[in-house]
Amino acid sequence: MSPRKSDATRRRLLEAATADFAAHGIAGARVDRIAAAAGINKAQLYAYFGDKLGLFGAVFRRHADVVVDSVPFTADDLPQYAVRLYDTAVERPELIRLATWARLEGVATNNLVTESSATVAGKLQAIADAQREGRLTASMDPQDVLALVLAMALTWSASGLSATAAPDDPPAAHDRRKRALSQAVSGAFGTRG
């Protein structure tokens, strides 16, 4: 198989698997259904990814990489970081569904994300530095600050408990949520005078 054809086959497999995993979870996804949707046979799927969990890992990494690459982190503007995460969750709901399924089914995703432990450590250090310099409240552990910012940003995602934000929601609804999110993150972690 030529490299171009191989890349196209892999891309079709990942797209079909994304749809199936997001809709049915890991246990509910079917290799037969994914292969058929991609226009290949099961043997090809196994040759590319080894097994269903290997395929899920490739799908999850593909979407997580986009988020990590498209949402730059700065401890100096946690409200804006949260808003960018909200936007990404609205634009890429499949990642949230994939992460939710993985968590429900007990599949660890921390080793599936290319965001290295050094990158996470850098985020935590940036928060700790901002706390030490008085730019963020110092009453919480940096790990808790990062976890809470992520949770707040995903409040309206498929993993949240409130109404799920959708790309076709009225712009005023998105603006309202983003203002509330920014204000809540600022109030929760901003410096106290």
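What percentage of the contacts in the protein with a separation of 6 or more comes from residues 24 or more positions apart? I found 66%, where contact means heavy atoms within 4.5 Å.

**Entry 1. Conventions**

I noted that this is a predicted model, in which local features need pLDDT of at least 70 and side-chain atom pairs count only at pLDDT 80 or more, while totals for chains, interfaces and linings use all residues. Residues are numbered from 1 along each chain as its sequence is written, and side-chain values use heavy atoms, with hydrogens and water left out.

**Entry 2. Overall fold**

I counted nine helices and zero strands; helices are DSSP runs of H or I with at least four residues, strands are runs of E with at least two, and both are numbered from the N terminus. Along the sequence I read the pattern α-α-α-α-α-α-α-α-α. The C-alpha atoms fill a box of roughly 65 × 40 × 30 Å along the principal axes. Of the 193 residues, 37% are buried; buried means under 20% relative accessible area, exposed over 50%, and partly exposed in between, with a 1.4 Å probe and protein chains only.

**Entry 3. Helix α9**

I compared the span of α9 with expectation. Its 19 residues should span 27 Å at 1.5 Å a residue, and the end C-alpha atoms are 27 Å apart, which agrees; the expected span is 1.5 Å times one less than the number of residues. I then listed the buried residues of α9: Ala173, His174, Arg177, Leu181, Val185 and Phe189. Seen down the axis, they fall within an arc of 95 degrees, so they line one face of the helix; the arc is that of the directions from the helix axis to the C-beta atoms. An α-helix has 3.6 residues a turn, so residues three or four places apart point the same way. The cover over the buried residues of α9 includes α5 (78-91) and α8. On the other side, Pro171, Ala172, Arg179 and Gln183 are exposed.

**Entry 4. Proline 167**

I located proline 167 in the loop between α8 (142-153) and α9 (171-189). Its relative accessibility is 61%, so it counts as exposed. Leaving aside neighbours within four places in sequence, I found proline 167 in contact with Val90 and His174. Its C-alpha atom is separated by 29 Å from that of lysine 123, 44 residues apart along the chain.

**Entry 5. Residues 30-49**

I looked up the UniProt record, an unreviewed entry, which places the feature "DNA-binding region" at residues 30-49; such annotations may be inferred rather than shown by experiment. Over residues 30-49 the chain is 80% helix and 0% strand, with end C-alpha atoms 14 Å apart.

**Entry 6. Aromatic pairs**

I found five aromatic pairs. Tyrosine 48 and phenylalanine 49 form a tilted one, 6.0 Å centre to centre with 35 degrees between the planes. Rings of Phe, Tyr and Trp (its six-membered ring) pair if their centres lie within 6.5 Å; planes under 30 degrees apart count as stacked, over 60 as edge-to-face and the rest as tilted. Tyrosine 48 is partly exposed at 24% relative accessible area, whereas phenylalanine 49 is buried at 11%. Phenylalanine 73 and tyrosine 81 form an edge-to-face pair, 4.9 Å centre to centre with 85 degrees between the planes. Tyrosine 81 is buried at 4%. I also noted that ring pairs link Phe21, Phe56 and Phe60 into a cluster.
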